[in-house]
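Colleague: Could we go through this model together? I would like to begin with its contacts.

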Amino acid sequence: MKKTSADSNSSLKTKATQGILWSSIDKFAVQGGQFVIGVVLARLLMPEDFGLIGMLSILLAISQIFIESGMGTGLIQKKNRSEIDYSTVFVFNFIVSLLFYVIFFLSAPLVAAFYNVPQLTGITQVLTLNIVINSFSIIQRAKLTINIDFKSIAKINVFSTILSGCLGVVLALLGFGVWALVIKNLLASVISSCMFIYLSKWKLSVRFSMNSFRELFGFGYKLLIAGLYSQTLSNIYNVVIGKTYSAADLGFYDKARNFVVMSEGTVTSILFQVTYPILASVQDDKSRMVEIYRRIIKMTAYFTVPALTLLSLLADPFIRVILTDKWIVAVPFLQLLCFSRMFYPISVINMNILNAIGRSDLFLKVDLSKLPMIVLALIITIPLGIKAMVVGQIVTSFISFFINAYLPGKYFGYGAFSQLRDLRSIIISTLLMAGCIYLLNNIFESSFLKLILGTTAGFSLYFIISRLLKVEEAKEVIGLLSVFKRNN
């Protein structure tokens, strides 16, 4: 029997709903596990231990971008994939990962000399093994994503996070210091790669097709350049702080940044991970794509805007209660970084819709157009201190939102001002909640009470206010919870 358009829509909606549910379980469980483990490790270790790992973040990020080369995304975007496509991407990824590891192993003493931290030589040579390990699971992850099998991905991520985290805590208790973090990261990669290989059922193949490579790399190389640019700018702050200031200063900044990324990144990654393959599957139906795209932006903002606002308001009690006064220097960084990432999730969605329609060339052009502005902000703020650098991030992030929304506005009629109009009720709900929490903070002296009552009251008030203002996404959340309850 031939499938009707209604059947197709229903099937896609079912897949999207199930995908969001399992991706939500994955992200929240993983982030919850990482949060708890990270807090325990932060209490056991010193800020400079985290700073040493932060110094190498740019190497790991750039090398991973080179390994993927946008080809994993290309596989998801491609309509008619063949086994030779998968095999070609695997062979390329593995060879490039080996090449990068050899380069980093040999240049480790130079990295240590750059930061003037001799200890970084051994750490670099061991931690960059992650590059080779992760190359084994890129194809498997892509296949599971294409099939919208986020249940398997959730199992893998949760298990590897908890097991590696527990070992990291044991090593920290035994006095391993920064090596507890190194071994924890390596073990997480080993466990996840092994599980991806087992659950994806993809038979390893080392065939290589130049035609397949040209096609996939033709799409992916633009994402490669854009990814290199994005990761370099994202991690350049770690490099500058690590070089100009102390490892402890970098530890304070990096820990604050990780908390912010965890807050907004969880929801963003859930929605993008599920919706990117769906957007790619309807790329020939403009009206459906725009409808899905609009809903993604609104749902993302519904969660991230109040979450980051609340985290900024409760930064002081949060750091004091969760990490202890040892980390109090991180408070102003945490407050400012919340606002620097406020528009980031929406900017990411605006850029990724260009990938979904196969226009990675436009993705690259838009990304590179922001380079002069970001470099100028860095040049101006570096001599003024870490706080000034974060303020510069706030300014560039806000301007970048308008730049990133320009082409979606041109191609789909849904630009920056249309998006802001859609978010009015969400912003109003957040501001009203923020006012109440600000007053509540001035009533209590106890950091513990401020954190517990502020968090509970903040999210409760926000949800109630958004329901009173008839925000569509509040109703969507109730619907998703009902589906989850029925399925369990």
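Modeller: A contact means heavy atoms within 4.5 Å. Among contacts in the protein between residues at least 6 apart in sequence, 83% join residues at least 24 apart.

Colleague: What should I know about the source?

Modeller: This is a predicted model, in which local features need pLDDT of at least 70 and side-chain atom pairs count only at pLDDT 80 or more, while totals for chains, interfaces and linings use all residues. Residues are numbered from 1 along each chain as its sequence is written, and side-chain values use heavy atoms, with hydrogens and water left out.

Colleague: How many helices and strands are there?

Modeller: There are 24 helices and zero strands, taken as DSSP runs (helices H or I, at least four residues; strands E, at least two) numbered from the N terminus.

Colleague: Which residues touch the most other members of the largest nonpolar core?

Modeller: Leu120, Tyr253 and Leu334 do, in a core of 90 residues. Such a core is a set of buried Ala, Val, Leu, Ile, Met, Phe, Trp, Tyr and Cys residues joined through side-chain atoms within 4.5 Å, where buried means under 20% relative accessible area (1.4 Å probe, protein chains only).

Colleague: Which helix gives the most to this core?

Modeller: Helix α13 (residues 286-313) does, with twelve residues.

Colleague: And what does Leu334 contact beyond four places in sequence?

Modeller: Its partners there are Ala256, Phe259, Val260, Leu311, Ala315, Phe318 and Ile319. A second, separate core has nine residues, including Tyr86 and Leu216.

Colleague: What share of the protein is buried?

Modeller: Of its 488 residues, 55% count as buried.

Definitions and conventions: Buried < 20%, exposed > 50% of the residue type's maximum accessible area, 1.4 Å probe, protein only.
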